[in-house]
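Subject: A structure for you to look at

Hello,

Here is the structure I promised to pass on to you. Please open it beside this email and follow along as you read.

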Amino acid sequence: MTYETLALAAFDAVTPLGNHTIVRRAVEAGDVRIDITHSGICHSDIHSVNGDWGAQPYPVVPGHEIIGRVVELGADVTGFAIGDRVGVGVIVGSCGTCNECERGLEQYCANEPVWTFGAPDPHLPGQTTHGGYSREIVTEAKFVYRVPENLDPAGAAPLLCAGITVYSPLKTWGAGPGKKVGVAGIGGLGHLAVKFAHALGAQTVGFTTTESKTDMILGLGADEVLISSDKAAMRDAEGTFDLIIDTIPFSHDLNRYLKMLAVDGTLVVLGALTPITEPVIGGLLTGKRRRIAGSNIGGVPETQEMLDFAGAHNIIADIELIRADAVNDAYRRVVAGDVQFRFVIDAQTIGLPVPELISGAEAVARANGGALIVDVRPERFLDSDGRNPLATWVDRKNMDSYFVPGGAHFLGDVVNDSDRKIVVMCGSIAGSRPMADWLLAHGFTNVSHVDGGFAGWKEAGGSIG
Ligand SMILES: [Zn+2]
Ligand SMILES: [Zn+2]
């Protein structure tokens, strides 16, 4: 028994991601069906779909930072109710009987965990698992986590991979009061490592190569920032760290950080998965009984513990929320390092049509042909309290209330006549696009928006009223 749901998929290693319909299993006795609201973009999604880590079972639906609401429960499921906010992370199954599984370390299952996407699906023979870039997911309840309601759901999504990836080594190697913890590489993982280390009570130090990032890193909760090119400051700090969380995602010189460790200090490699090309100096290990370690995500109990801790300390990722059709641009920006610090997809926009972008001249031509012009410039579109509703446009639920009073000016008696074109514009494209999206999401067809908004329309000789 299966059903279909909308998704974003990679069809091969080179073509941009696109809309796709996938099959999910109908809820079995131990399952939870989740209406996905948010899905984080992890750099490993990009490596996977690009085939960097081996051949892929295309089409691949990536995503393992999943937040949503429970919409259906299997007969045997306890501990969840319909409507609960929940999360799914990097794994959705494991053997349950090996030594690691019995210790709650399912991520290291001796028989290999079931990865959330791109893995053989034990419930649907012959098919692969599909991840969070989709409208819905059905998952064994054991691998579904309770997400504290006080956390912003978009910012909470990256906790399911990036968050647990840094929380687990911080806990394993004793980050807490009286300990000095360094974080190298302040990106998706690193910025959360700083937040968690600080909240755990450790003296937290961020390492950066870029002096201009100092204030930003302090703002995340670091007590101190060390500029790695500042040789004197780095030398002064040698031998003082109990733990360094190294999130640098490529091969680099570990000796520089080993030197910083105190006796029994641990350097945890999280990001560099390829061979470390700079030879490690043995004397730096023996001289102070230092360790180099590694870590990968977390097990089921620890992932829930991390979410509860994040809820208690109000820790979420710094994110940029995007619509599904912006995913390919987001991928380019992640690869270029141009994100602060994580993209999260509004999963409810997956599969929605994208409004056509037309020129001002085309808008004028359509208006003359009887198109309905929707002008939502702020100065023409105030709600009953005289406030500009554009400011809160992100809250789609409120749209109904602007949409109706807006009729006072132009929307009046909008009829979704499929032959009638609807042209949306406002002061800028930033305003017209959300309104066009809203119309499409509510079943209107033939919706376009104007390049340059009202200015583009006016340049082409258009008028209003
Ligand atoms: Zn990830
Ligand atoms: Zn196992």
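Below is what was found in it, beginning with the chain as a whole.

This is a predicted model, in which local features need pLDDT of at least 70 and side-chain atom pairs count only at pLDDT 80 or more, while totals for chains, interfaces and linings use all residues. Residues are numbered from 1 along each chain as its sequence is written, and chains are lettered from A and ligands numbered from 1 in the order in which they are written.

**The whole chain**

The chain holds 15 helices and 21 strands. Helices (H or I, at least four residues) and strands (E, at least two) are DSSP runs, numbered from the N terminus. Of the 465 residues, 44% are buried. A residue is buried if 20 or more other C-beta atoms lie within 10 Å of its own, exposed if 12 or fewer, and partly exposed in between, with C-beta atoms placed from the backbone. Two residues are in contact if their C-beta atoms, placed from the backbone, lie within 7 Å. Among contacts between residues at least 6 apart in sequence, 68% join residues at least 24 apart.

**The six-stranded sheet**

Strands of a sheet pair through backbone hydrogen bonds, either parallel or antiparallel. Here you can find an open sheet of six strands in the order β12-β11-β10-β13-β14-β15, with parallel pairing. Two strands count as paired if DSSP finds at least two bridges between them. The edges are β12 (224-227) and β15 (291-294), each of which pairs on one side only. From one strand to the next, the twist averages 20 degrees. Helix α5 packs on this sheet and touches β10 (180-184), β11 (203-208) and β13 (241-246), and its direction makes about 170 degrees with that of β10. For such angles, axes are lines fitted to C-alpha atoms, for helices over the stretch in contact, and angles run from 0 to 180 degrees between N-to-C directions.

Which strand is largely enclosed by the rest of the structure? That is β10, because five of its five residues are buried. Both of its faces are covered, with Lys180, Gly182 and Ala184 on one side and Val181 and Val183 on the other. β10 pairs with β11 in the parallel sense over five bridges, and Ala184 stands opposite Phe207 in β11.

**How helix α4 packs**

Now look at α4 (residues 162-172) and α5 (residues 188-199), whose axes come within 8 Å and cross at roughly 50 degrees. That makes α4 oblique to α5. Angles under 35 degrees count as roughly parallel, over 145 as roughly antiparallel, 65 to 115 as roughly perpendicular and the rest as oblique. The residues that make the contact include Val166 and Leu170 of α4 and Leu192 and Phe196 of α5. They divide into nine nonpolar, three polar and no charged. Ala, Val, Leu, Ile, Met, Phe, Trp, Tyr, Cys and Pro count as nonpolar, Asp, Glu, Lys and Arg as charged, and the others, Gly among them, as polar.

α4 also packs with α10 (residues 300-313), at an angle of about 100 degrees and with the axes 10 Å apart. These two helices are therefore roughly perpendicular to each other. Gly163, Ile164, Tyr167, Ser168 and Lys171 in α4 meet Glu302, Thr303, Met306 and Ala310 in α10. This contact divides into four nonpolar, three polar and two charged residues.

**A few single residues**

- Asn314 has phi near 55 degrees, a positive value in a residue other than glycine, and lies in the loop between α10 and β16.
- Pro122 lies in the loop between β7 (114-115) and β8 (136-140) and counts as exposed, with 11 C-beta neighbours inside 10 Å.
- Ile322, in strand β16 (residues 319-322), is partly exposed, with 18 other C-beta atoms within 10 Å.

Enjoy exploring!
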